[in-house]
Amino acid sequence: MTEILVPIAICVILPVLVVWLVMRARQNETNKKTEIMLKAIESGATIDTDFFKATANQQKPKSIKEKLLGRLTGALVTGLLGVAFLIVGFVLCNKPGMDEDALLLLFLFGGILLAIGAALLAVYFVGKKMLAKEMEAEEKALEC
């Protein structure tokens, strides 16, 4: 019975609960803003028409430099995870009685993660070289 309930709880109930919590938080935020707006109308204060448009979840668009640094971070994390999986696979390879399927999965995941990390690193360096002028223009626009 446990073999059935645990996957159902993880695959069905958990995602539904997460979505419900996120939607409830957004609804509470909207209700608070509505309450503040109604009190402002009752007191006769000036009302900002963009009050409901600006939310805490909206972020300013990322600059080219921030996007590239995100790719560099992703490259380093996935590359190091790939290397770690491969090292663990090589260490466990010498242990007698080790399951060959588990070793194959370790090497497979390690290779995939290392390849993704290398690809992201290549994208970072190519993007840095190609977008140097655009990054310079963005920095000058921010200084002014």
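Is Glu29 buried, partly exposed or exposed, and what is its relative accessible area?

Author: This is a predicted model, in which local features need pLDDT of at least 70 and side-chain atom pairs count only at pLDDT 80 or more, while totals for chains, interfaces and linings use all residues. Residues are numbered from 1 along each chain as its sequence is written, and side-chain values use heavy atoms, with hydrogens and water left out.

Glu29 is partly exposed, with a relative accessible area of 26%. Here buried means under 20% relative accessible area, exposed means over 50%, and partly exposed lies in between, with a 1.4 Å probe and protein chains only.

Glu29 takes part in a salt bridge with Lys33, and the closest N and O atoms of the two are 3.8 Å apart. The term salt bridge denotes a side-chain nitrogen of Lys or Arg within 4 Å of a carboxyl oxygen of Asp or Glu. In general, side chains of opposite charge can pair when their charged atoms come close.

Helices are DSSP runs of H or I with at least four residues, strands are runs of E with at least two, and both are numbered from the N terminus. Lys33 counts as buried, because its relative accessibility is 13%.

Lys39 and Glu35 are separated by about one helical turn, because they are four residues apart in helix H1. Lys39 has a relative accessibility of 53% and therefore counts as exposed, whereas Glu35, at 46%, counts as partly exposed.

Another salt bridge is formed by the side chains of Glu139 and Lys65, with 3.2 Å from N to O. This pair links distant parts of the chain, since Glu139 lies in helix H4 (residues 132–143) and Lys65 in helix H2 (residues 64–93), 74 residues apart. Glu139 is partly exposed, with a relative accessible area of 36%. Lys65 is also partly exposed, at 43%.
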